[in-house]
Amino acid sequence: MLKLTVIPGGAQARRKRRAKQWAAAAALLLLTVLSLVYIRFDAAEFILGIPTFLRFLFSDFLPPDPANLQGYIKPVADTFIYAVIATFCSSVLGVCLALLMARTTTPHPLVRTVLRGLISFLRNIPFLAWASLLVVIFGVGTTAGLIALIVFGCGFLARLYAESIEELDQDSMEALESCGATYGQRIKHAIIPQFLPAFYSWTLFMFEINIRASAVLGLVGAGGIGALIKQTMDLFQYGKTSMVIAIMVAMILLVELMTSRIRRRLI
Amino acid sequence: MAVRKIPIAHKATQRQQRMLGISSLLLLGISLYCADLDMKQIAAGMERLPAIGRQLAQLSFTNGGELLRELVTSIVVAFLSVILGVVAALFLAFLVAANTTPNRLFGRVLNAVFVIIRTIPTTIWVLLAVASMGFGPMAGVLGLMFPTVSYLIRTFASQIEEAGGETIEAIRSVGGTWWHVIAKGLLPTLLTAFMATTAFRFEISVAESVILGMVGAGGIGSLLQGYISYYQFADLSLGILMVFFTMFLLEMGTVQIRKRMGRQN
């Protein structure tokens, strides 16, 4: 629907608004120019780089090399297995944290503040930095990747769950409280039944993210299908790389299709 | 007297939930059985944890200047990729959106291409860009542009499809051309929504460009990766704190922008 904007104050206000818009546009332009200078952006090189990039993409990468397909089965299966375990662990931990963190169910406001700060810290550090650090601590391999997925996932889910819990209808909680229900009874009968649809939805979303993340984890030595991408690229076997990427894209799209099916069934 | 409970739960829902519970537990069981988790490795890692934690706690400011410079590079890379991305996406979104596409089939095909581009993670795009253009921030800008453009196109297109309808019909009915529909009808209406989306995407892009250095595209990520591989944990913790504060400030900023945009609408 088209909304008519009525500008209060007539011509003068309109002129002022115009001036403001021009100022914003000019500031943006200036910022862009400064940024271009800062990274010594060479427009000619960039524009010439695009055809090079496309040529590289189409002549070196395509067609995908279908050799050694059996070798890819294990990393793909690993990716699935670790995504399942990580989703499960992080959803269990996430629910516990969310109940402590949500304004309506927290046992004490102080617990809420401390947990929120902690989770915000966890979430705002890039995932790959965590993964890389964990690889140093736990050694190269899928174990580090799994722990990274769990740590990151439980912070991510705790925040989403807590927001969903805070949005819930408070009436049933109050009704149970006035009947003298204990904390556990209130959670079980007032929160959980209402919260389940959001829980399913976010958990399925987390599963999707975990599948995607495993593609990236391999790049820092944390196993999964990403390791294959790095290996083949380091050996300049670009045909194989594109095969692995194609498998990965198919896997991600398939998982998305599956989760949207399950979601429609459940909610 | 025996207490008898009256069942009040919805039968079908209960059955469905039981099914879901059993199947997900089964899936977990199979996964745990197949996964070769090395408990010894985990235990060894746990032993190493306190020592590394202690090292991380010794904040060192010796490399502060270098970190700050690279942090600015990361933000600039994200900024440029978003600016260039918006220009491309504004044009392409009108070609993709179902109600403004000049040709239905063309729109569908284009949309499918962007779905595939979006599915490939950013890090892989950057790896490809680095492999063809060499190391440096320019490869980062190029690599980040693919996911940025495809994200913006999807969001813009759905905003166009939502807002379109009557506007398009009204302008078409008085004989307006495709350009009129877009320049006079849709763009002015959607400008604030587009700007809010762009601000949000900028936040995501900064988070991604911080990471990108880890695969060789310049920026603070390459420093962090270096510190991790040379066990310079004192420098690492300063870098992590800087990234954290940047992301935190950015989040606050975009929330403010979105609030203002919402009020203007």
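A helix here is a DSSP run of type H or I with at least four residues, numbered from the N terminus. The views below show a predicted model.

**Figure 1. Chain A as a whole, a chain of helices.** Chain A holds 10 helices and zero strands. Read from the N terminus, its elements run α-α-α-α-α-α-α-α-α-α. The globule rule gives 18 Å for 267 residues, but the radius of gyration of chain A is 25 Å, so the chain is more spread out than a compact globule. Along the principal axes, its C-alpha atoms fill a box of roughly 70 × 70 × 40 Å.

Figure 2. Buried residues make up 46% of the 267 in chain A. The accessible surface is about 14,300 Å². Carbon and sulfur atoms account for 68% of that surface. Take the contacts in chain A between residues at least 6 apart in sequence: 73% of them join residues at least 24 apart. The chain carries 24 positive and 15 negative side chains. The centres of these two sets lie 9 Å apart.

**Figure 3. Helix H5 of chain A, a covered helix.** H5(A) spans residues 127-138. Its first and last C-alpha atoms are 16 Å apart, close to the 16 Å expected for 12 residues at 1.5 Å a residue. The helix is mostly covered, with 12 of its 12 residues buried. Among the buried residues are Phe127(A), Trp130(A), Ser132(A), Val135(A) and Phe138(A). Just after the helix comes Gly139(A), with a positive phi of about 85°.

**Figure 4. Ala148(A) and its neighbours.** Ala148(A) sits in helix H6 of chain A, residues 142-167. Its relative accessible area is 1%, under the 20% cut-off, so Ala148(A) counts as buried. Leaving out residues up to four places away in sequence, Ala148(A) touches Phe127(A), Ala131(A), Leu134(A) and Leu217(A). Phe127(A), Ala131(A) and Leu134(A) are among the buried residues of H5(A). Asp78(A) lies 70 residues from Ala148(A) along the chain, and their C-alpha atoms are 15 Å apart.

**Figure 5. Helix H4 of chain B and the helices packed against it.** H4(B) covers residues 104-119. Its 16 residues should span 22 Å at 1.5 Å a residue, and the end C-alpha atoms are 23 Å apart, which agrees. Gly107(B), Leu110(B), Phe114(B), Ile117(B) and Thr119(B) are buried. The buried residues of H4(B) pack against helices of both chains. Chain A supplies H8 (183-217) and H10 (238-266). Chain B supplies H3 (64-96), H5 (122-133) and H6 (137-163).

Key:
Residues numbered from 1 in each chain as written. Chains lettered and ligands numbered in written order. Predicted model: local features only at pLDDT ≥ 70, side-chain atom pairs only at ≥ 80, totals over all residues. Heavy atoms only, no water. Helix = DSSP H or I, 4+ residues; strand = E, 2+ residues; numbered from the N terminus. Rg over C-alpha atoms; globule rule 2.2 N^0.38 Å. Buried < 20%, exposed > 50% of the residue type's maximum accessible area, 1.4 Å probe, protein only. Contact = heavy atoms within 4.5 Å. Areas by Shrake-Rupley, 256 points an atom, 1.4 Å probe, with all protein chains shown as cover. Lys, Arg positive; Asp, Glu negative; His and termini not counted. Charge placed at Lys NZ, Arg CZ, Asp CG, Glu CD. Expected span 1.5 Å × (residues − 1).
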